[in-house]
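Subject: Structure for you to look at

Hello,

Here is the structure I said I would pass on. Please open it and keep it in view while you read the notes below.

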Amino acid sequence: NSLVTIATQPVTYTLEVTPRYAMNIIISEQKSHLEILQDMMAVFGGYLVFCNNKVSLRCEKALNVSYSFDDDNIIQDTLVHTQYPIESSPNRYNVTFYDPNNYYTGVKLVVEDLVSQKERRKLISKDVDLTGCTSQSQALRLARMYRDKVALSQVVVTFSTATMAMHLEPGDVIDITKNIYPNGVAVTLFDHIPFRILEI
């Protein structure tokens, strides 16, 4: 029968704030300018937009909806939607980052879509080399983003509209509400579904 006394000491916590994306890269290989840019942009989910004779750098992130489209501002009978099959899309990402605590040796991380693997009954892997990424947490975030984009970005929509949408640019997020009328009965095709503009 021993009595244990626990001394209560105040616990101190330190919060380390780091950038969401960081890049540490040495360009030593002979590659084209576009290949080098693609290697760099892969480290932060970046993409290039050409609009109004300018090239802009954008980054994959949550954005507010810039404009809403519906039956009032989509020109009648111009909307075409295509759903791409995901049978051949990756459901496992093997990403490589370069660990500064291990002499910048490439370390592989695996991010999987287990639901997709079970439903499709097959494993499709894709290797992604994150040249310039030296953070494990950043590499994991990027791998999850690439995995989730496959699941969420299966539909491409094209349509015509009028001058009220002239302020929009590729990379902006819009939402679409659209009804179709088979046999004269209204059926909702999209109900405030967000899309990213790829091309105007």
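The notes below go from the whole chain to single residues.

This is a predicted model, in which local features need pLDDT of at least 70 and side-chain atom pairs count only at pLDDT 80 or more, while totals for chains, interfaces and linings use all residues. Residues are numbered from 1 along each chain as its sequence is written, and side-chain values use heavy atoms, with hydrogens and water left out.

The whole chain

The protein chain has three helices and ten strands. Helices (H or I, at least four residues) and strands (E, at least two) are DSSP runs, numbered from the N terminus. Read from the N terminus, the order is α-β-β-β-β-β-β-α-β-α-β-β-β. The radius of gyration is 23 Å, well over the 16 Å that the globule rule gives for 200 residues, so the protein chain is more spread out than a compact globule. That radius is taken over C-alpha atoms, and the globule rule is 2.2 Å times the number of residues to the power 0.38. Along the principal axes, the C-alpha atoms fill a box of roughly 80 × 60 × 40 Å.

Of the 200 residues, 30% count as buried. Buried means under 20% relative accessible area, exposed means over 50%, and partly exposed is in between (1.4 Å probe, protein chains only). The accessible surface of the protein chain is about 14,600 Å², and 53% of it belongs to carbon and sulfur atoms. These areas come from the Shrake-Rupley method with a 1.4 Å probe; for residues, only the protein chains shown count as cover.

Among contacts in the protein chain with a separation of 6 or more, 66% are between residues 24 or more positions apart. Contact means heavy atoms within 4.5 Å.

Aromatic rings

A search of the whole structure finds four aromatic pairs. One of them is Tyr 93 with Tyr 146, a tilted pair at 6.3 Å centre to centre with 35 degrees between the planes. The pair links distant parts of the chain, 53 residues apart: Tyr 93 is in strand β5 (residues 92-99) and Tyr 146 is in helix α3 (residues 136-152). For the terms: rings of Phe, Tyr and Trp (its six-membered ring) pair if their centres lie within 6.5 Å; planes under 30 degrees apart count as stacked, over 60 as edge-to-face and the rest as tilted. Tyr 93 counts as buried at 5% relative accessibility, and Tyr 146 is buried with 18%. There is also an aromatic cluster, formed by Tyr 67, Phe 69 and Phe 159.

Around helix α1

Which residues of helix α1 (residues 33-42) are buried? They are Ile 36, Met 41 and Ala 42. Their cover includes β1 (46-51), β2 (54-59) and α3.

The loop between β1 and β2

Asn 52 lies in the loop between β1 and β2, and Asn 53 lies in that loop as well. Asn 52 has a positive phi of about 55 degrees although it is not a glycine; for Asn 53, also not a glycine, the positive phi is about 60 degrees. Most residues other than glycine have a negative phi. Asn 52 counts as exposed at 62% relative accessibility, and Asn 53 counts as exposed at 70%.

Ile 74 is in the loop between β3 (65-69) and β4 (80-83). Is Ile 74 buried or exposed? At 4% relative accessibility, Ile 74 counts as buried. Leaving aside neighbours within four places in sequence, Ile 74 is in contact with Phe 69, Leu 79, Phe 159, Ser 160 and Ile 176. Ile 74 and Ile 176 are 102 residues apart in sequence, with 9.3 Å between their C-alpha atoms.

Gln 154 lies in the loop between α3 and β8 (155-158) and counts as buried at 19% relative accessibility. Beyond its neighbours within four places in sequence, Gln 154 is in contact with Thr 82, Gln 83, Tyr 84 and Ile 86.

Val 156 is in strand β8 and counts as partly exposed at 32% relative accessibility. Not counting residues up to four places away in sequence, Val 156 touches Val 80, His 81, Thr 82 and Tyr 84.

Regards
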